[in-house]
Amino acid sequence: MKLKNILGILLLFFSAFMLTNCEKENLDMIEIEEEEITVDTTIISNNLIFRSNPGTQSGGLELDCITILYPFDLLKSDGTTISVNNDDDFLSLIDSTATGSDIIDFVYPLDVLDDEGEQETIDDAEELAEMFAECVPDGGWTTDEFPAYLVSFDNSCYTLQYPLTLETLDGTELTANDEEDFIELMTEEIVFFVFPFNVIHEDGNTETVNDVDELFSLLISCNGFYIDSTDWEWETGFEYIGCYMIGFPLDVVVSDGSVVTVNNHMELCDLMLVGELVDYAYPLILTDEDGNTVIANNEDELYELLEDCDDFISGSGDAFLLFLGTQPVDSLGTTGCYTINYPITVTGETATG
């Protein structure tokens, strides 16, 4: 090999070596900025745990119209679980600040009883929240306030129209933009409907609800029941048909054709508000204004009895609703909520008188 070629190769090698060293030195001088990643360690707790009450003799934890059956497990924030076998176990956990504040959810699936006493399995927190949101309020309403619950085509002939304004116990107004928002707000705290608001009938028509009376009237209208004395005067406990007091327990026919027993006026109210009431199961035992027991063996006999009421007009028109409000409520020790100044004129289907 010629000396010139050897010198050329050595020069190339030396140049490459120097270039590599320069690049390495430059690389060593570069400071690499490491991005600091903030991890959100916030633990979201299922508020429904702390809104549940021991059921005493129900065999589980009562969450409004739902009973969460024992035994079940509760999940802690560190991923461990605690077994709850009875009321005492649950109360001791909730009373313990160290443990109770660390509980974040139930462990699923859960076995529960629904509002009709049927056992179901809940697979996750979302399913439990939706079931809870559909519970019809067990009272708690006044002439101005009605506790919110999920009115939808699953439990009524109406569904809520969104956005919808709700109000908390302290008067704070919240907005539910859709059904998911509504369910989430309901699980966080007790909320009330803010009037007026709109509902959509299953035929597509939209109606405005201006007060509690109108809400009751709309929801009760979903019942497949001809005798609309089921308007009942909700303030008096749903205990009268015309001038007759209902005796409990009472058998009624519901939408699937089965006969169920209602043990008090609240159970009857629940069926009415979700449009389940189709008819009474006869014979129907009633008590008249003098305290006498009367029996209606069928719908025709019930109408005959109602015609004997001094202030009753058969049917469901305005006159009937007017007269119904004058009826006494012996069970509550009150009289009707107003009186009528006579004479008045009533227009019937065939005559005026």
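Which residues does Phe146 touch, not counting residues up to four places away in sequence? Phe146 touches Pro137, Trp141, Phe192, Phe193, Phe195, Val212, Leu215, Phe216 and Leu273, where contact means heavy atoms within 4.5 Å. This is a predicted model, in which local features need pLDDT of at least 70, side-chain atom pairs count only at pLDDT 80 or more, and totals for chains, interfaces and linings use all residues. Residues are numbered from 1 along each chain as its sequence is written, and side-chain values use heavy atoms, with hydrogens and water left out.

- Phe146 is buried, with a relative accessible area of 0%, and Phe193 is buried at 4%; buried means under 20% relative accessible area with a 1.4 Å probe, protein chains only.
- In soluble globular proteins, nonpolar side chains tend to be buried together.

**Aromatic pairs**
- Rings of Phe, Tyr and Trp (its six-membered ring) pair if their centres lie within 6.5 Å, and planes under 30 degrees apart count as stacked.
- By this rule there are eight aromatic pairs.
- Tyr70 and Phe72 are stacked, because their ring centres are 5.6 Å apart and their planes are at 15°.
- Both Tyr70 and Phe72 are buried.
- Phe146 and Phe193 are also stacked, because their ring centres are 6.3 Å apart and their planes are at 25°.
- Phe146, in the loop between α4 (125–133) and β9 (158–160), and Phe193, in strand β12 (residues 191–193), are 47 residues apart, so this pair links distant parts of the chain; helices (H or I, at least four residues) and strands (E, at least two) are DSSP runs, numbered from the N terminus.
- Ring pairs link Phe146, Tyr149, Phe193, Phe195, Phe197 and Phe216 into a cluster.

Methods
Phe/Tyr/Trp six-rings, centres within 6.5 Å; stacked < 30°, edge-to-face > 60°. Buried < 20%, exposed > 50% of the residue type's maximum accessible area, 1.4 Å probe, protein only.
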